[in-house]
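Please work through the exercises below with the sequence and the model side by side, and try each task before reading its solution.

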Amino acid sequence: INDGKDVIVAITSNRVLPKGENKIIFFNSNSKKFMDEVTVKNYSFNLSENNCALMKIPKHENYKLLLCACKKYIKDDKNGILLLKLKVNKDNQEIFHKFYNTQNFEVYCFCPILQIVENKFVFEESFDKVQIKDTEYFFVGGFDLDKGEGLIKLYKVIYNDDIEKIKIEYIQDIIVGRKISKDESESFYRFKGPISCMIQSSRGGIFITCYDGGVYL
């Protein structure tokens with residue numbers, strides 16, 4: 001989280017780790033200090049290193065949305081998305097949070113979706129200039145326990161002038177068609193493991209890694 005003066009890092013832990021706790025804390029990388037009393041407890045954060053993603057809030061530049069992946073490791077845990085609405089700096093610290101239970105879908109990672117606009121300008125020679133715009137949509141990658149395969153889901157942020165009323169809404173599952181090739185290594189049937197990371201390129205493509213060892217576009 002970069003507010004122009006301070007860079008705040010979100011760090012998650014989990015009670016299944018040695019000396020771990022179900023907690024997210026914030027660290028100021030400039031002052032090298034942990035923030036005072038800025039913790040969110042009682043959520044079982046996924047141990048994936050890609051378990052958080054940051055999104056902007058239109059008309060509220062001082063606030064950010066932090067999406068956190070939660071996974072059920074033991075009986076009392078829940079699979080889901082923890083949505084944090086943050087204003088964290090040296091002078092003012094505010095956090096609003098809401099949890100969305102995803103039932104038997106384990107959440108591992110997120111990918112905010114960007115709108116890629118290519119504008120053509122002609123001067124002495126032609127070239128493409130790419131304009132990248134934020135949107136209210138994001139992908140959620142993970143593993144469906146009922147289907148036994150990795151899945152990607154589409155969500156939308158429902159913005160509101162009242163920070164506390166901002167929420168997220170499930171839209172649909174992303175259907176990835178099978179690809180059968182003579183070269184079996186190029187065939188695709190399904191994601192055989194959890195989706196572990198998703199990154200959108202400057203040209204719009206989504207790069208995906210999976211626990212099955214595959215990298216996909």
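This is a predicted model: local features need pLDDT of at least 70, side-chain atom pairs count only at pLDDT 80 or more; totals for chains, interfaces and linings use all residues.

Residues are numbered from 1 along each chain as its sequence is written, and side-chain values use heavy atoms, with hydrogens and water left out.

**Exercise 1. Salt bridges**

Task: Find how many salt bridges the model holds, and describe the pair formed by Glu 106 and Lys 71.

Solution: Begin with the rule, by which a salt bridge is a side-chain nitrogen of Lys or Arg within 4 Å of a carboxyl oxygen of Asp or Glu. Applying this rule gives 5 salt bridges. One of them joins the side chains of Glu 106 and Lys 71, with an N to O distance of 4.0 Å. Glu 106 belongs to strand 8 (residues 105-122) while Lys 71 sits in the loop between strand 5 (64-70) and strand 6 (80-88), so the pair ties together parts that are 35 residues apart in sequence; strands here are DSSP runs (E, at least two residues), numbered from the N terminus. Both Glu 106 and Lys 71 are buried, where buried means under 20% relative accessible area, exposed means over 50%, and partly exposed lies in between (1.4 Å probe, protein chains only).

For a second pair, Lys 153 and Asp 173 meet through their side chains at 2.7 Å, N to O. This pair links distant parts of the chain, since Lys 153 is in strand 10 (residues 149-158) and Asp 173 is in strand 11 (residues 167-173), 20 residues apart. Lys 153 is buried, because its relative accessible area is 11%. A further salt bridge, between Lys 23 and Glu 21, has an N to O distance of 3.5 Å, and Glu 21 counts as partly exposed because its relative accessible area is 42%.

**Exercise 2. Strand 6 and its partners**

Task: Work out how strand 6 is covered, and which residue of strand 6 is the bridge partner of Cys 68.

Solution: Strand 5 and strand 6 run antiparallel and are joined by 7 bridges, with Leu 82 as the bridge partner of Cys 68. Strand 6 also pairs with strand 7 (residues 93-101), in the antiparallel sense and over 9 bridges, and here Lys 85 has Phe 96 as its bridge partner.

**Exercise 3. Thr 135**

Task: Identify which backbone atoms the side chain of Thr 135 reaches.

Solution: Thr 135 is found in strand 9 (residues 126-144). Its side chain reaches the backbone oxygen of Ile 113 at 2.6 Å, and the side chain of Thr 135 also reaches the backbone nitrogen of Tyr 137 at 3.2 Å.

**Exercise 4. A nonpolar patch**

Task: Locate Leu 47 and state which residues form the nonpolar patch on the surface.

Solution: Leu 47 lies in the loop between strand 3 (33-41) and strand 4 (52-56), and counts as partly exposed because its relative accessibility is 43%. Patches are made of residues with over 30% relative accessible area and no salt bridge, like charges being joined within 9 Å and nonpolar side chains (Val, Leu, Ile, Met, Phe, Trp, Tyr) within 5 Å. The nonpolar patch consists of Val 16, Leu 17, Leu 47 and Ile 74, with about 300 Å² of accessible area together, by the Shrake-Rupley method with a 1.4 Å probe, where for residues only the protein chains shown count as cover.

Technical notes:
Helices (H or I, at least four residues) and strands (E, at least two) are DSSP runs, numbered from the N terminus. A polar contact is a pair of N or O atoms within 3.5 Å; within protein, one must be able to donate a hydrogen and the other to accept it, and residues adjacent in sequence count only if both atoms are side-chain atoms. Two strands pair if DSSP finds at least two bridges between them.
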